[in-house]
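Hello,

Here is the structure I promised to pass on.

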Amino acid sequence: MAAELTAHHRRLAQQKREAITSAATELFLDRGYDGTSLARIAEAAGVSKSTLFKQFPTKAALFEAIVTESWQRDAGDTAARPQAGDLRSGLTAIGHRYADLIGRPRMTGLFRIVIAELPRFPELGRMQFQLGKLPYFTSVQHYLESEHEAGNADVPDAESAANQFLGMIANYVLWPRMLLTGWNPAASDIHNAVEEAVQTMLARYTPAPPA
């Protein structure tokens, strides 16, 4: 019984946490980071102020959680990185996960918050980069390095290669969405954009056959 109660309490805490981060994201977009109080976030999330402060004692801590959870959800953790062995399948898996991640409204909202508030709150940009973008990018870089070391790819500069690959996908999936409110490509078009990026990487980094 005690274990069931503990599990129930954990589920409730997680549900409240998600309600808080979701409400905060919407309010930051609507009112700005500076114009949104923790008390207003608690009200919008339907939780008490003490519940919010227990999880997030400051607004900066709350924003950190939004960044980290947005990047890690389903695709951003290093455990999702494919094992070396098949460059095509590895890149395909990474590419589709990345397209799904950056195509979510929550991610678009996060970028918009950072861009809008950057002049007054440069620390938001640092959080977005250091807690979100950089760990994700580094994970892809390490995957390419592992394929290179295994002899499955010829990638002398994995940092540059990771930037190329993710950039090709983001240029179609994310950045038009930042500027065009009606940008909503079909799933088949996103799939094709990822496959084209994979083909480009294979053409550039597949090892030459032995002479």
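Below are the ring contacts, with the cut-offs behind each term.

This is a predicted model, in which local features need pLDDT of at least 70 and side-chain atom pairs count only at pLDDT 80 or more, while totals for chains, interfaces and linings use all residues. Residues are numbered from 1 along each chain as its sequence is written, and side-chain values use heavy atoms, with hydrogens and water left out.

The structure holds nine aromatic pairs. Rings of Phe, Tyr and Trp (its six-membered ring) pair if their centres lie within 6.5 Å; planes under 30 degrees apart count as stacked, over 60 as edge-to-face and the rest as tilted.

One of them joins Phe 28 and Phe 63: the centres are 6.3 Å apart and the planes at 55°, so this pair is tilted. Phe 28 sits in helix α1 (residues 2-31) and Phe 63 in helix α4 (residues 59-72), 35 residues apart. Helices here are DSSP runs (H or I, at least four residues), numbered from the N terminus. Both Phe 28 and Phe 63 are buried (under 20% relative accessible area, with exposed over 50% and partly exposed in between; 1.4 Å probe, protein chains only).

Phe 111 and Trp 175 have ring centres 5.5 Å apart and planes at 80°, so they are edge-to-face. Because Phe 111 lies in helix α6 (residues 105-117) and Trp 175 in helix α9 (residues 175-179), the pair ties together parts 64 residues apart in sequence. Phe 111 counts as buried at 13% relative accessibility, whereas Trp 175, at 36%, counts as partly exposed. Ring pairs also link Phe 111 and Trp 175 with Trp 71, Tyr 98 and Tyr 136 into a cluster.

Best wishes

Key: Helix = DSSP H or I, 4+ residues; strand = E, 2+ residues; numbered from the N terminus.
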